[in-house]
2 protein chains.
Amino acid sequence: VDEFELIARLRERLGVPEDAGRAAPIVVGSGDDAAVTVPPGATAVSVDMLVEDVHFRLSHSPLRSVGHKALAAALSDLAAMGADPGEAYVQLGIPGYVDEEGCLELAGGMATVARTHGVAVLGGDVSRAPALIVAVTVVGHARSADQLVRRSSARAGQALCVTGELGAAAAGLRLLEQPELADAVDPGTAAGLRLRQLEPEPRVEAGRALAGAGAAAMIDVSDGVGGDAAQLAAASGVRVEIDAARLPVADGVAEVAAAAGIGALALACEGEDYELLVALEPELIPAAEAATAASRLTEIGRLLPGRGAVIRHPDGSESAPPGFDQLRGHRASGGVPP
Amino acid sequence: VDEFELIARLRERLGVPEDAGRAAPIVVGSGDDAAVTVPPGATAVSVDMLVEDVHFRLSHSPLRSVGHKALAAALSDLAAMGADPGEAYVQLGIPGYVDEEGCLELAGGMATVARTHGVAVLGGDVSRAPALIVAVTVVGHARSADQLVRRSSARAGQALCVTGELGAAAAGLRLLEQPELADAVDPGTAAGLRLRQLEPEPRVEAGRALAGAGAAAMIDVSDGVGGDAAQLAAASGVRVEIDAARLPVADGVAEVAAAAGIGALALACEGEDYELLVALEPELIPAAEAATAASRLTEIGRLLPGRGAVIRHPDGSESAPPGFDQLRGHRASGGVPP
């Protein structure tokens, strides 16, 4: 495939959403040495890279899903800042066994996410590579830097809440790897769990709503609720306690876990849910719940003076949250284990 | 290697230059979901990815040079906009045969370039990968978007000039691939040519000076002076003529070309020089020369009404510039051919 022609076709497939440039006017789009925008105040930038056979397998993931997930995972970091997504840049490493049609399918998956969030893909780079590599950079905006929510500003006494439900992405991965487990749930539930693994939806709206509702600190649930809560707590210099019984476990996760011979808690803590973990003053919870009505908010624990992270079980016992120990190993953001 | 510990060591090795944040204040550095800056007006963003055995070979390139070149090539795009470099983000795909020490060496090469240009590396991502992948995003700034120079705004009647000298990077690649060719030049010249291939220097200062001196359009010389001039002309809707005899060929390039049995013009047009090609009103050339004194400016051709790109030879004949035809093939930004 001709590189310049492929880039032209990728640009066409990615398109430019009608509301692109809403967060920051676009002065120079793709095709120059650099794209140029005029940010309204503060910008937030995050990068995320998916590598074939580390973060996904082509035997499980359609190329459309790979494109979807790469952009969604990057936007999830902007959601955790409460930023308004603006532009994205994509670097593709293309192996010989992915043809032009495959690249366009990947771009199509990315375009779906881009349209949903008004994100313009303004630039990129394509190259041959020994495996499929999708490196994404996303730029988000806010009127001022103090509107963006860090992970380091939680305080003891605050509540820890999470959006949506946990464990679906991990259960979906099990269903992709062991299709026979699908007998444990009805077909619609199984399809939904697989989709949460393949095509997660970043909680962009919820992130903005929580930032507006007084979120003290936020982080997205990529490495697992326990590990990510531990990171938020460590960055903020506080201790975190999570109540196992309060974790909002998605429908079907318990059944898949049982069929796989593992605990539902392990799946709920495995990660890749791309929900948001937020530290809030307890009195702000009702307003935050109202603001994120489309993406249910559950109080799952609290921040205390001290250090570390524990999960409290219904019988009163405590343990390190599943997923927390794995922080010490090379963990490739969930997905395919090393 | 522990991922979190590796990231901590990479951050330490990359450091933060003393003058970081000069172009745009840094509010949140690395370690959060996203980095946050406050751009002064307009921002320019560009991405560049180097893939092992496509853009470099570890048998020729020390890891320090790979890190240097990855950041330098990305900054060269900002130089071609006349932007003030601000921040960088780095995604590393690490194969099993590159150990922690190797990653730190790569980061050290990047840190050298970052320090030279006051660039802060504010974030990144590391992952296992089947080959070494270095994907870089750079963000540059200007007080307003109209201070940034596009490639599409050249006009017929303007002169085409280039900074510095051409062909050194291509000659250096030949010396790395065929060490016996080094007999054609003295050892110091050979070392200099190899360095231009391995560790190019982006023309950031010259780019800003040319933007200030009235540059109408700019592009950096990555794919070759002929091909890049053709791109500038096509984007601007004009025709470009280059005078072969006026190309500023670097010392030693003719000798290496002769020893390799190819023409000096072919090497001078091969690319990866990371010099700047600039379209200027002829009367602005003296001021532009004065402004870029540290990086000599040479008038090499002109822009005319029409379409296409030709190179004029001393005997009066014309040809498509070497490198121009290759635009139609999958060319991996010079370097190791497919």
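A word on the ground rules. The model is predicted, so local features need pLDDT of at least 70 and side-chain atom pairs count only at pLDDT 80 or more, while totals for chains, interfaces and linings use all residues. Residues are numbered from 1 along each chain as its sequence is written, chains are lettered from A and ligands numbered from 1 in the order in which they are written, and side-chain values use heavy atoms, leaving out hydrogens and water.

Now the interface. Chain B puts 65 residues into the contact, and chain A puts in 64 residues (contact means heavy atoms within 4.5 Å). Of the interface residues of chain B, 98% are also interface residues in chain A, so the copies meet through the same surface. About 5200 Å² is buried between the chains, 54% of it on carbon and sulfur atoms; this is the accessible area, for a 1.4 Å probe, that two parts lose on being put together, summed over both.

Charge comes next. Side chains of opposite charge can pair when their charged atoms come close. Four salt bridges cross the interface of chain B and chain A (a side-chain nitrogen of Lys or Arg within 4 Å of a carboxyl oxygen of Asp or Glu). Arg151(A) and Asp33(B) form a salt bridge through their side chains, at 2.9 Å from N to O. Over all chains the count is 42 salt bridges.

Polar contacts link 19 residue pairs between chain B and chain A, with both residues at pLDDT 80 or more. Such a contact is a pair of N or O atoms within 3.5 Å; within protein, one must be able to donate a hydrogen and the other to accept it, and residues adjacent in sequence count only if both atoms are side-chain atoms. Strand β3 (residues 42-51) of chain B gives the most to the side of chain B that touches chain A, with nine residues. Strands here are DSSP runs of E of at least two residues, helices are runs of H or I of at least four, and both are numbered from the N terminus.

Strand β3(B) also sits in a sheet with strands from both chains. Six strands form this open, mixed sheet, in the order β1(A)-β2(A)-β3(B)-β6(B)-β4(B)-β5(B) (strands pair if DSSP finds at least two bridges between them). At the edges are β1 (26-28) of chain A and β5 (120-128) of chain B, each pairing on one side only. Neighbouring strands are turned by 20 degrees on average, direction ignored. Axes are lines fitted to C-alpha atoms, for helices over the stretch in contact, and angles run from 0 to 180 degrees between N-to-C directions.

Look at the chain B end of the sheet. Strand β4(B), residues 84-94, runs parallel to β5(B), joined by eight bridges. Ala88(B) stands opposite Val121(B) there. Helix α1(B), residues 3-14, lies across β4(B) and β5(B), at about 150 degrees to β5(B).
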